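Subject: Structure handover and notes

Hello,

The structure we spoke about is below, with my notes after it. Please read the two side by side.

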Amino acid sequence: MAADHTPSPSDGMNRRRFLTVLGVAGGGSAVLSGCSTDRIQKLVPYLIQDEDQVPGVATVYASTCTECSAGCGIHVKTREARAIKLEGNPNHPLNHGAICARGQAALQGLYNPARLTGPMARNADGSFSPVTWDDAIQRLTQHVSQAGARTAVISGAGVGTFTDLLEEWTAALGGRVVRHEPFDYEPLRAANRQVFGTDAVPAHDFGSAKYILAFGADFLETWLSPVEHQQGFAQAHGYRDGEMAKFVSLAPRMSLTGMNADEWHPIAPGSEALLALAMANVILSERSGAPADANALRGVLAPYTTERAARETGVGEETVRRLAREFASAKPSLAVAGGVAGQHRGAVEVCAAVNVLNYVAGNIGQTVRFEQQLATADGYAALDSLATAMDAGQVSLLIVHEANPVYTLPRSTGFADKMAKAGFKVSTASVLDETAAQADLILPNHHALERWDDLRPRTGVHSLMQPVMQPVFDTRATGDVLLQVAQAVGGPLAQFTASSFQAYLKDAWRGLAQARGSTDAEQFWVNALGAGGVFDSHAPATPITLAPGAGRVGYSPPEIDGDGELVFAPYPSPMLFDGRGANKPWLLENPDPVTKITWHSWVELHPETAERLNVREGEILRLSSPHGTIEAPAYIYLGMNPGVVATPLGLGHTAYGDYAEGRGVNALDLLGPPNGTGFVPYLSTRVRAETTGRYQKVAKTEGNPRQLGRGIAEAMPLELARRELSVEAAHYAETGAEHHEVNTEREVEAIAGFRESQQLKTQKGGYADEHPRWGMVIDLARCTGCSACVTACYAENNIPTVGQQEVLRGREMSWMRIERYFEGGEEPGEPLEARFVPMLCQHCGNAPCEPVCPVYASYHTPDGLNGQAYNRCVGTRYCANNCPYKVRYYNWFAYNERAFPDPLELQLNPDVTVRARGVMEKCTFCVHRIRGAQNQAKLEDRELADGDVVPACGQACPSQAIVFGDLNDPASRVSEAARNHRRYHVFEDLNVRPSVMYLAKVRHEREA
Amino acid sequence: MANPVPGVLGSFVHIDAATDAIRALKAKGYADLTVYTAAPNHEVEEAMEHPVSPVRLFTLIGGLTGCAAGFAMTFWMSNDWPILVGGKPIASIPPYVVIAFELMILLGALSTVAGMIILPLLRPTRGYMYDPRFSDDQVGIFVPCGADRAAEVQAVMTRAGSVEVRHETG
Amino acid sequence: MATVAHEHAVPTQTHAEVTRDVIATLGKPSRGYVLMFVGAVILFLIGLATFVALVKQGLGLAGYNPPVMWSVYITTFVFWVGIGHAGTLISAILYLFRSPWRTAVYRATEAMTVFAIMTAGLFPIIHIGRQWVFYWLLPYPNQRLLWPNFKSPLMWDVFAIGTYLTVSTTFLVVGLVPDIAAVRDKVSGWRKRLYGLLALGWTGSDRQWRHYSRGYLYLAALATPLVLSVHSVVSWDFAVSIVPGWHGTIFAPYFVAGAIYSGIGMVFTLLIPLRKVLKLEHMIQEHHFDNLAKLTLLTGSILAYAYAMEYFVAWYSGVSWEQTTFYLRAFGPMWWAGWTMIICNAFVSQLLWFKRIRTNVTALFIISIFINIGMWFERFVIIVSSLRNDFDPYAWGQLTPTWADWGVLAGSFGWFLMYFLLFARTFPIIAIQEIKEMIPMPRKRPGGSH
């Protein structure tokens, strides 16, 4: 029967496709097109083997992530000339080898089924039809020469050599470039201009902070440089040697960042500035040691008393004072503000106030590093003026590059209509998104993994990007397009003589080499390619003093329009970001870390609010503001200010491919126009909420949000952790209950003796001699629940995404899942605590799943793995019933044939079987990586060293919460971690002896 | 009915008549009688004085074989392909008892049936006279004998009170 | 136990009448019969179609919702295995107890057993993910010498169910042979030839009877421990696991009692209409049902005790997940199923304390329907309401069965009834020879019977 061997998705033709890629890799010049089966003869060229392509051996290229503006370094693992996985670049100064879920999902952007297969031009009837590149470039050339200075460019590309070219190219024409990113950091920059007289956005050093205050900035999710922040946060807040930083979050909604806080205060929306100023006031009036010029602010801050703060923010007066003292006494500390979630019309005030707070606490130059300037886009103002120009018909050629303003700007800005008035519209989108849909000509750009470029995400970081494989489709790097057009147009553009963008880039890097005193530019370039770029050590801190503007800090309640009774707080989805993730199934199915909802939009409201509106979870709510209406199912969430309703951004696409189109709602539809604020005020509308009476079951992967005291996610107070108490002892210490032995001496001995004798009876065959025992320790004090490991697992192990309907039946296949449990929060005044537990196969020593399998498909390997032989599995599913951790996943349908529509199947990892219908599957501890490392060691004729084996989840984890290794080797890192006093097993009473251990979370004693 | 065996067949409505006939015939030295009844009948059994059927031996041997086979199979297979599951011994007795027990019952039952089929065949009755009424409400007694003694047998049966006596002359 | 001496324990008929009446049931089928048979076939076809869909597209068509990995199919499997037990109990155990009243009903119940097991046997195949490799569960020699895992309760099932099917089939056939011979001697034409073939040359000679009676006794003696073992093994499918709500030492006796309870329920459901259709009221009489009803009362009360015990132990153990499971079983989202099982089994059975109900055929029929429903739900509750909320709260999920579940369930009833009705038409549904064994033959000297 077909399914006896587990076939690669929809067999035959894909095998050919795969070989085609092989061929192309060798063939070099040939271009791999969509779903061609006509190049089988290209098998031949592999006789002449490409020097860096060895079949069966992975080749890794260093590159740079372009999924957000942070610019993390990545390593692209390719097999047989296909990129199959993205991992962090260990040498990169920003992310040190880690990577987030969004970054890894770039792979599904590369292989996205919705990608344009070639250039397209709009016909008279408004439809698109494919054109040749020559034709396309010829058309563009013609319009460029006509438009000249009336050319405008909207670019979302990160700052780098390409944007340099773009700037010069456009400037040469006399046109203008607007650098637009939906989540620009304009308020932050405005505040810095005001308070410090600099336009820079500084880097933030969370790692060395001992006390962190977040005024709504979701620094672990989407704010500035999340991976870098998470690493720093784990370093500061992760418990080590009796020390850990304290983190207090002040925001109307408990985001993923808020969930990681020791204290979260659901302040009134828009009141952050007042709180910050009040704290600064307390610090200035109570303590000396603030910079001299800060004292000048006493007068300014005087009106912002703790009384007023308490009255208007909802945070107790004592608490405000306490937080201020704690913040000032911990050195260095760090306060952060800004970010979309809290971006109301008073956002600049907030950032300014927080600047002052940091200044008086002496954090500037310590944890706030202006010498490292982050590259950010132009503010909304620039785009707005361009829109006005287009509206006035002053733009006859508009080029949109790596931006989708039609979707990412609130409809009320009327951008789409204004853009429509531009003369000739060109898009370089590689997927037909909302903006491209309005274009007259589409010149699909190479995906970031298919082209040459570099990025300068911040001062001193020059991060290279290189093509890691032949383009999947007939696309062309926009850099090359610009140069070709330049040569065709001549005149003002004649200066651009570079033969290709690659040449242009190398040219630029020659300059870089000279600047760094390198004599051999070629070697410099090669080294840079290998390392992923050039990274300068930090420049010395430039002294920052208060600018006159600092005297103008203040607070006025931000204006929030609309007549509704609830404040609407849209926030960027940690998975879908600004919506660019919406066509990537990995991100759609990776549950939102807070709500655990997948695949659709929802409206979060506080239980009180829900009660007042009389809605249950899943009832479809209609939110209406003067500007629009959205309908989405309700999700009832304790982590809210009762006056607020929240909806994630990123869905509700009208274009952008089958995965995205018509899925969920776009929360921006409710927002009003910015009206003169230089940025988009996201939190600026009141909405009316009413039930529609319709119901839609919420597709969440969570069964029950409470752990019912079963000790799954353990935590202990810092004091007890300092006393090195075990989890059990900490419980007794906390509850005052007294400890009593369950078994008597004799019983304990008898049990041990029995275990001995049983052990002996297992020493047969392959089990007889010495073996490693693979194990894992997960430190819950470091885990932030970011879910990067989940996507890593999907990518590494060819896990199929099952889609909304199957998730509704609880059939998601996530071998690694992040369980999120709530503690407290039910009684008024009782603080709400969230805990995260990464749950994967525990590879039990006494695995309950094994003996119940009638055909030995589930069995124990000599090196302690809980093996699963897919080909032997008949699908009785008894193992899954008997698994206490519920980490076995069953192929109810042929998911392997549904989940990877062409060309997504090219992402599959050839080292891992693609499971057929009707078999059970589960985490293997990345057994292929273990065997790979063992073989490598054998080849190099050496013992396997600790750390040679890193499973995908551990590799990706930005918090380095996951340690993997051999438990039989007492010197290994995992053994050391296993000796930690915080170590515990989940469901220890079951005596299943798991190989996965957890280190209890440590929390500061909470004061409400 | 291939080449019929010569003999006398008597039919009886009354059970005590049939048993009288059996005893009388036995007294006259006719050891080889075949008695047909529609249901097992104690009085006939007593009259015939059969020893207890050896079919139980089949049951015993079959049962023991099954039990042994069960343990042998499970242990051999576990050791032939040793796989560790759930930290339990490669071959462990308690779970295998179930298999052994079931096989004991299975083989025991099958060999019993075999006994029930084989034993009657040891003494073939092909060609013996038979009458459909014996499976209904009459008792039949067949005495294989040559023409010479037929008269005597018929006499005995009639005296005992048979409702009908027939004679088959081969 | 149920060896009740009863005034009309012995049918007041002659041997000839018995033969006539029983063989009369093999005559021309009545309209009622034909209707029932057609209905059964239709149900079967529905099930068949569903099964084909499952094989073509996957088990996902059914309402499985992890962590509920077993649901309606395994429920129905256990249900049918249970049905079988009453048959063997009546035919074998009561035979050893020499309780005369069993003779009238045991042939029908024995047949019910065989067909119930035939039905149950289908489910392990239907419910596995790759139905086409179900034979991997058998220890057959194969070129890679891969053997099955005899530690798995599912392997015990394979052997228990296999043995049970074989043994009860032989038991039925052996019992049939003399009756087939009786039929052979009454009918004519092709039927005579057919039955003659099936009678295996049975003449009812003293020698045949001698080995037959002995052998039959030993078969009964073997079937008795077998019937107890089979449902114990089935119960261990659950008890051996660690799932809260399954992991209980009480399970084996609890399941055996339940099996017999449900089995007798099915006997009522089948025989009450059947004896009407086949006009056997004078042979299968009220007092037979009365005795069966007493058995039902006994087993039903054992169940009531078992239910109580489960809750008590869960509370007494102080184990949080045990307590949660049983709390939710009564008051969780599946409370309706939980209470259906308790009411239909523990409470309804108590009505049988009243003789007026025990001897009222209509009442018994209605009660039997409750019993069938209740016992199906017992298995459904044990399986689903334990799985849906076990150790890891994050992974909890709620099951919602779909057409694919109900289709196969319906099909199983069709499959079973189809065979049962065919049997009732083709073979004596009443054991002719055993009835005759109880009716003294006429004697020329009145009295003198021993």
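Predicted model: local features only at pLDDT ≥ 70, side-chain atom pairs only at ≥ 80, totals over all residues.

Contacts between chains

I began with chain A and chain C. Their contact takes 57 residues from chain A and 54 residues from chain C. About 4,600 Å² is buried between these two chains, and carbon and sulfur atoms give 56% of that area. Two salt bridges cross the interface of chain A and chain C. One of them pairs the side chains of A:Arg817 and C:Asp392, at 2.8 Å from N to O. There are also 37 residue pairs in polar contact across the interface of chain A and chain C, counting pairs with both residues at pLDDT 80 or more. On the chain A side, β28 (817–824), α27 (878–882) and β32 (888–890) each supply at least two of the residues that touch chain C. The largest share, five residues, comes from β28(A). Sorted by class, the side of chain A that touches chain C has 29 nonpolar, 11 polar and 17 charged residues.

Chain B also touches chain A: 11 residues of chain B are in contact with 16 residues of chain A. Chain B and chain A bury about 1,300 Å² between them, with 69% of it on carbon and sulfur atoms. The count of salt bridges between chain B and chain A is zero. Four residue pairs are in polar contact across the interface of chain B and chain A, again with both residues at pLDDT 80 or more. The side of chain B that touches chain A has seven nonpolar, three polar and one charged residues.

A helix in chain A

Helix α17 of chain A runs over residues 478–489. It has 12 residues and spans 16 Å from its first C-alpha to its last, close to the 16 Å expected at 1.5 Å a residue. The buried residues in α17(A) are A:Thr478, A:Gly479, A:Val481, A:Leu482, A:Leu483, A:Val485 and A:Ala486. They are covered by parts of chain A that include α4 (133–147), α5 (161–173), β14 (397–401) and α18 (501–515). After α17(A) comes A:Gly490, which has a positive phi near 65°.

A buried aspartate in a loop

A:Asp440 sits in the loop between β15 (424–427) and β16 (441–442) of chain A. Its relative accessibility is 17%, so A:Asp440 counts as buried. A polar atom of the A:Asp440 side chain lies 2.6 Å from the backbone nitrogen of A:Lys425. Leaving aside residues up to four places away in sequence, A:Asp440 touches A:Met120, A:Ala121, A:Arg122, A:Phe128, A:Gly423, A:Phe424 and A:Lys425.

Salt bridges

Over all chains, the structure holds 76 salt bridges.

A:Lys421 and A:Asp391 form a salt bridge, with the closest N and O atoms 2.6 Å apart. This pair links distant parts of the chain, 30 residues apart: A:Lys421 is in the loop between α16 (415–420) and β15 of chain A, and A:Asp391 is in helix α14 (residues 380–391) of chain A. A:Lys421 is partly exposed at 48% relative accessibility, and A:Asp391 is partly exposed at 33%.

The side chains of A:Glu402 and A:Arg451 also meet in a salt bridge, at 2.8 Å from N to O. These two residues are 49 residues apart: A:Glu402 is in the loop between β14 and α15 (405–408) of chain A, and A:Arg451 is in the loop between β16 and β17 (453–455) of chain A. A:Glu402 is partly exposed, with a relative accessible area of 36%, whereas A:Arg451 is buried at 9%.

In chain C, C:Arg358 forms a salt bridge with C:Asp290, and their closest N and O atoms are 2.6 Å apart. C:Arg358 lies in helix α12 (residues 355–358) and C:Asp290 in helix α9 (residues 286–317), so the pair ties together parts of chain C that are 68 residues apart in sequence. Both ends are buried: C:Arg358 has a relative accessible area of 9% and C:Asp290 one of 2%.

Last, back in chain A, salt bridges that share partners join A:Glu734, A:Glu833, A:Arg835, A:Lys1001 and A:Arg1003 into one network.

Regards

Conventions: Residues numbered from 1 in each chain as written. Chains lettered and ligands numbered in written order. Heavy atoms only, no water. Contact = heavy atoms within 4.5 Å. Buried area = accessible area lost by both parts, 1.4 Å probe. Salt bridge = Lys/Arg side-chain N within 4 Å of Asp/Glu carboxyl O. Polar contact = N/O pair within 3.5 Å; in protein donor to acceptor, adjacent residues only side chain to side chain. Helix = DSSP H or I, 4+ residues; strand = E, 2+ residues; numbered from the N terminus. Nonpolar A, V, L, I, M, F, W, Y, C, P; charged D, E, K, R; others polar. Expected span 1.5 Å × (residues − 1). Buried < 20%, exposed > 50% of the residue type's maximum accessible area, 1.4 Å probe, protein only.
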